[in-house]
Amino acid sequence: MCKHDFPTYRGQMEYVCLSCGARHAGDELLYTCPQCGGVFLLENTRFDELKAHDGAWWRDLFDRRASTRTTALRGIFRYYELLAPILDEEDIVYLGEGITPIIKAAPALRDSVGIPFAYKNDGQNPSASFKDRGMACAFSYLKSLVRRHGWTDVLTVCASTGDTSAAAALYASYVGAPLKSVVLLPHGKVTPQQLSQPLGSGATVLELPGVFDDCMKVVEHLADRYRVALLNSKNSWRILGQESYAYEVAQWYGWDVSSLCVFVPVGNAGNITAVMSGFLKMLELGIITGLPRIFGVQSAHADPVYRYYAAPRAERQWQPVQVSPSVAQAAMIGNPVSFPRVARLAAKFQELGGEKAFQVVQVTEQQIMDAMIRANRRGHIACTQGGECLAGLINARALGLIGPDEHAVLDATAHALKFSGFQDMYFNGSFPPAYEVTPDTSLSNRPELLLDAAKKQSLSPAEYTRAAAEAIVRRLGLVKK
Ligand SMILES: *Cc1c(COP(=O)(O)O)cnc(C)c1O
Ligand SMILES: [Zn+2]
């Protein structure tokens, strides 16, 4: 492909309110419906023009774009036409997000689980979670607004369970003026690694007592009344960016996903919304010819979406829940903002792919931790939410929801390192009782100090090297050459 391969196609984006059906032009930043307060999905009103080409043409285009040298198309915008085809090349922010590897389960792990599966390592994004996909799109859109309006001062705000703020702060600090980033965190409810990220990016970090749901209400209050740019997943531009996950999965599997089960941990439910939306768009364009099956996974400590779908259809009633402490802290949300989006897209998924095309499984905190530790002992880099996905797969299989000829893709939504504190608690047996996790001590792993500092003091450097080596020989039972 030549150097100047940025697409010339332009669509037209509209916000569609999922409650009252109102439509609003996509050239201004809106979060919720001014008429009724409902959440939006963005729609390209010129989507049908894309049907001038058949599925094979699109597959070929996206395959060829894999080798592009045009920076703007190297990440999530490889799928430009399916995301936000109103952006100009100069607006697109690329920090290396997307195109994350899909890693087959290690043979021993696969055999012990009893079904072939793979992890898609979204922890290998720049801020180490999938949130970068959405932020790349939201910040590109914001850049285009700044350029068109000549804005001189834009305050971006988000509430976060940790990863949204890390991503928002990273992209804001890269783009720079006139963007400034403020993040609002529930005090003590994000990991030290996640807290260090917005601090390191130079964002203003504000904390409040309570849980994520409390912080979310506060930023919504602000966004309704003051001039701030909200970057939570109420911001539909983020959903568009996160659709790239579905496109990448389909492309990796040669655009044949009909025997695939895609597992996604559900917190605020933006990610699972995006994943379903992405697959539906590909189906509509003939890029894929059958849908995969989508499995949402929730912990019993934060499971409103599971409860909704577990009820018989006629009795389903949406009910937020009070959350309890969860190791899947990034998904510890009792009142997911995107539930109306999930309800809409899940219905569509089931209409086109059958009743079993969308399901939600529940897992315990114990299962999440055991699964994460097991996976990582076999060479994976799953975070607790990635552990949640594996626990979901194991439960789905035990419930007979998955057939022997199916293949699962699990979303490792963040890097293991962000959640290493939970691994520490597992290994040290120091989980507070509220988590309801009892470590399997056969899996625990701790450093062993071979010599103490006083001993080192008493030895010459040469003696010390020999004493340390001998201690290792004894510990490992090494045999002489
Ligand atoms: C945000 C997040 C989730 C939950 O995603 P939602 O879109 O809120 O459902 C899961 N895992 C990680 C690591 C996250 O950062
Ligand atoms: Zn409305």
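Q: Why does Ala346 count as buried?
A: Its relative accessibility is 1%. Buried means under 20% relative accessible area, exposed over 50%, and partly exposed in between (1.4 Å probe, protein chains only). At 1%, Ala346 is therefore buried. It sits in helix α11 (residues 339-353). Helices are DSSP runs of H or I with at least four residues, strands are runs of E with at least two, and both are numbered from the N terminus.

Q: What kind of model do these values come from?
A: This is a predicted model: local features need pLDDT of at least 70, side-chain atom pairs count only at pLDDT 80 or more, and totals for chains, interfaces and linings use all residues. Residues are numbered from 1 along each chain as its sequence is written, chains are lettered from A and ligands numbered from 1 in the order in which they are written, and side-chain values use heavy atoms, with hydrogens and water left out.

Q: Which residues are the protein donors of the zinc ion (ligand 2), and where do they lie?
A: Cys17, Cys20, Cys33 and Cys36 are the protein donors, each through SG, at 2.2 to 2.4 Å from the zinc ion. A donor is an N, O or S atom within 2.8 Å of the metal (3.2 Å for Na, K and Ca); water is not among the atoms, so sites may look incomplete. The donor spacing in sequence is C-x2-C-x12-C-x2-C. Cys20 lies in the β1-β2 loop and Cys33 in the β2-β3 loop, so this pair ties together parts 13 residues apart in sequence.

Q: What makes the arrangement around the zinc ion (ligand 2) tetrahedral?
A: The four donor atoms subtend angles of 98 to 115 degrees. Four donors count as tetrahedral if all angles lie between 85 and 135 degrees. The angles of 98 to 115 degrees therefore make this arrangement tetrahedral.

Q: Cys20 and Cys33: why is Cys20 called partly exposed, and what is Cys33?
A: Cys20 has 43% relative accessibility, so it counts as partly exposed. Cys33 is buried, because its relative accessible area is 3%.

Q: What joins the side chains of His24 and Gln35?
A: A polar contact of 3.2 Å. A polar contact is a pair of N or O atoms within 3.5 Å; within protein, one must be able to donate a hydrogen and the other to accept it, and residues adjacent in sequence count only if both atoms are side-chain atoms. His24 belongs to strand β2. At 16% relative accessible area, His24 is buried.

Q: Why is α9 called largely enclosed by the rest of the structure?
A: Because 13 of its 15 residues are buried. Gly286 follows α9, with a positive phi near 75 degrees.

Q: Where does Ala269 lie, and is it buried or exposed?
A: Ala269 is in the loop between β10 (260-265) and α9. With a relative accessible area of 3%, Ala269 is buried. Its phi is positive, about 75 degrees, although it is not a glycine.

Note on methods:
Four donors count as tetrahedral if all angles lie between 85 and 135 degrees; four count as square planar and six as octahedral if opposite donors are over 155 degrees apart and all others between 65 and 115; anything else is irregular.
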